[in-house]
Amino acid sequence: MSLRQSMAGLHTWGGLLPIWLLFVVIFTGTLACFDKELERWMRPGLQTPGQMQMNADDVRQWLKNNVSEELHAYWMHPPTTREPYWQLGWEEHDSGERGRKLFAPVTGEALPDTLGGNFFFSLHYQLHAGTFGMYVVGLAGMFMLVALVSGVIIHRRIFKDFFTLRPNANGQRAWLDGHNLFGVIGLPFHLVMAYTGVAIFVASYMPAGVQVAYQGNPLKFFHEVAGGYHREELEQPGGTPIALERLLADARAQWDGGEVGWISVHHPDDASAVVDIRRRDPSRIGSPQDTLSYDAATGELLNVQQAGTAYRAYIWMAGLHMGQFGGSLVRWLYVALGLAGCGMLIGGLQVWLRKREARGGAGIALVRSLNVAVLGGLPVACLGLLWANRLLPAEWAMRQTLEGWSFSLLWLAIAGWALARRGRAGYRPLAWLAAVLALGLPLLNLLLVPQGHLLASIGRGDWALASVDLTLLTIGLLCLLWVRPRTQREARTRLAEVTP
Amino acid sequence: MMIESSNLAPRLGIFARVLAALFGGYALAYCFTAFLSVYLPLIRADRVVYASLGCFAVWTAAAIYAFGARSATRAWLVIGGLALLLGLAAFLPAELGARP
C-alpha cells in the first residue's frame, strides 16, 4: 500500500469518527466569537443605555448582603464597551459551589439568570461535561490535526485544485471540490485553531514536564511560570477590608492610566486575604500578565507579577485562539473561517456518502441520520435556546435550567426523528423550522423587548446588539431561499445531477 | 460472527496501528516532553513550557507515521522504541530535571 493510499484511509476513517463532535466544537466556537453580544441580547435588562452608577465596593456589598456562606474567593469585572455590566463570580469555601451574577448598568440591580452567550462558549470547549468534556474535546482536536495533515498529504495538486470548482459535475466530484476549497482556504486557520486549542489546556493534557522538573507539583509550576502571588491561609479572622476603589485607583496609577480587568479576592474572610487586580488591554493579542497583588486589609502592594517569556508565549497562543483582540474585524474574520471549517466538514461527509451511495456499503443510513441529527439538529437547537430565553419569564428561578432543557430536548427530538427516518429525513423540514425560528426572533423582540428590538438598537446606533437580530434575519432568509419551491427547469437540472 | 481468516491479518494490522497512533503516540509525546524538559539548556519554566507546547506536533507526527509505516510491527518498534529511549533518558537522572 502506498503512502497516499494509507493516508487516504487514515483521513477517511480517522476523519469520519470524530466529525460530528468536531462539527459541534467548530460551530459553537464560531458562535462564541460573538458570545458577549449574545449575552447582551439574552439579557434585555442590559439593553437600556445609561451611565453606570455602580462601583466595585457596591458589588462587594451586594455579595455581603446576599451570600452568607464563607467564601473561598470572589472575582468581578468592571463594565466595558462590549460588556456594559459588572460581572461577579464567587466560590463557597466548604461546598466549592460557584455562583455568578451580572448587574444592570443603570439601576445596579442583579439581572435575572440565563444561560447567556457563555453557554455556547462552554459547549465549545467542554461540552458542558466539566473536566471529562475538556479531555474529549482535546482528543477531538488531536484527530482534527491528524486529519488536516493527512488531508494535505493526499491532496495531489493542492494549488491547482484550489481553483477548481465543478458545481455541475457529478455529486461526489462537486462535493470533493467544495471540501477542498473550504479546507484549503481555512487550512492555516484550522491548523492554528486546532493547535492553539489543544495548547490552552496543555497543563492538563501533558503533565510530563511538571513530572520531571517540578516533582509532579503543578502549583509550583504555575507559580514559577506565571510569576503570580499566593499567600497561605492563616486561619485567623481578617481585619476590616480596605475600599476596593482605592486599590483600583492605585492600580491605574501604577499602569499610567491602564484599564482594570478582573479583580479577584482570595479567602476574603481570612487574615491572609489578598486582592489581585489584573490589567485589561484589548489592544494586545495576549493580555499583559502584570497582576498587582494587595493586602486586602492594609492595601499594601505585595507583589507585581512579572510573567516570564514562556508564559507570555503561552498567553499569546491562547489569545490568538480566543479572538478577543482586533475588534469586530477579527471576530467576523474568525466567523467566516469558522464557517469555512463547518463547510469543510459538511463537504467531507458528503464525499463519504456519495462515494458509497453509488456502490452501496455499510453504515450509509447511520451516517446520513447522524448528519441530519447533528448538522441540522444543533443549529436549530441553538435557535430554540434563544426562543426559550425570550419566552420563559425572567423572574422564574428555574429559567436557566429550563433553557438548558429546551435546548437539549429540541436537539434530542430532532436526533430521534432523524434516526427514526433512517437518514431519509433530509434537511428541508429542518430548514423550514430554522427559517421560522430565525425570522421569528426579531419579530418576537419587537413585541417583548422595547429597548432591544431592531428598530431601537439601530436607532441608537447599537450595532453590536443589532447585528444579532440582523444575522438571525439573514439566516432565516438563506434558509427560505434554500427551501423555496423550485421551478421545473431547476428541478430537472437537480435530477440530472443526482442521476449521472 | 466469524471473521474470515483471510481478513483477519489486515484487520489486526489496522487495529495495531490505531493503538500505536493513540497510545504509542501519546507515550512518545509524553517522553519527548519529559526529555526536553530535562535536557534543554534553558531555565526550568522555559524548558517545560517549550517542550509541552511542542508535544502535540510530536503526537500528530506519530499518528501519521503509525499509518504510514511499512508494517504495524515497524510502527510499534519505531514509536515504542523512541518513547522508551527518551523516557529512560528523562526519568533516570532524578536530580537533573529539577534544576532551576
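My notes below go from the annotated spans to the chain interface and then to some strand pairing.

**Entry 1: the record.** I kept in mind from the start that this is a predicted model. I began with the UniProt entry, which is unreviewed, and looked for the annotation "transmembrane region" in chain A. The record places it at residues 132-154, 181-206, 332-353, 365-387, 402-420, 432-451 and 463-483.

**Entry 2: two of those spans.** I then checked what the model makes of residues 181-206 of chain A: the span is 92% helix and 0% strand, and its end C-alpha atoms lie 34 Å apart. For residues 463-483 of chain A I found 100% helix and 0% strand, with 29 Å between the end C-alpha atoms.

**Entry 3: the interface in outline.** How many residues of chain B are in contact with chain A? I got 29 residues of chain B, touching 35 residues of chain A. The buried area between the two chains comes to about 2600 Å², and carbon and sulfur atoms give 78% of that. Looking at who contributes, I noted B:Leu53, B:Phe56 and B:Ile64, which supply 25% of the area that chain B buries against chain A, more than any other three residues.

Entry 4: I next asked which side chains form the salt bridge between the chains. The count between chain B and chain A is 1, and the partners are B:Arg44 and A:Glu224, at 2.7 Å from N to O. With both residues at pLDDT 80 or more, 8 residue pairs are in polar contact across the interface.

**Entry 5: which elements of chain B take part.** Helices H1 (5-39), H2 (44-68) and H3 (72-91) of chain B each give two or more residues to the side that touches chain A. The largest share is that of H2(B), with 17 residues. By residue class, I sorted this side of chain B into 20 nonpolar, 7 polar and 2 charged.

**Entry 6: strands in chain A.** Last, I followed E4 (residues 259-266) of chain A to its partners. With E1 (residues 71-77) of chain A, E4(A) pairs in the antiparallel sense over 4 bridges. With E5 (residues 274-280) of chain A, E4(A) also runs antiparallel, joined by 6 bridges. Which residue of E4(A) is the bridge partner of A:Tyr74? I found A:Val265, and A:Val265 in turn has A:Val275 as its bridge partner in E5(A).

Definitions and conventions: Residues numbered from 1 in each chain as written. Chains lettered and ligands numbered in written order. Predicted model: local features only at pLDDT ≥ 70, side-chain atom pairs only at ≥ 80, totals over all residues. Heavy atoms only, no water. UniProt positions renumbered as here; feature names shortened; annotations may be inferred. Contact = heavy atoms within 4.5 Å. Buried area = accessible area lost by both parts, 1.4 Å probe. Salt bridge = Lys/Arg side-chain N within 4 Å of Asp/Glu carboxyl O. Polar contact = N/O pair within 3.5 Å; in protein donor to acceptor, adjacent residues only side chain to side chain. Nonpolar A, V, L, I, M, F, W, Y, C, P; charged D, E, K, R; others polar. Pairing = 2+ DSSP bridges.
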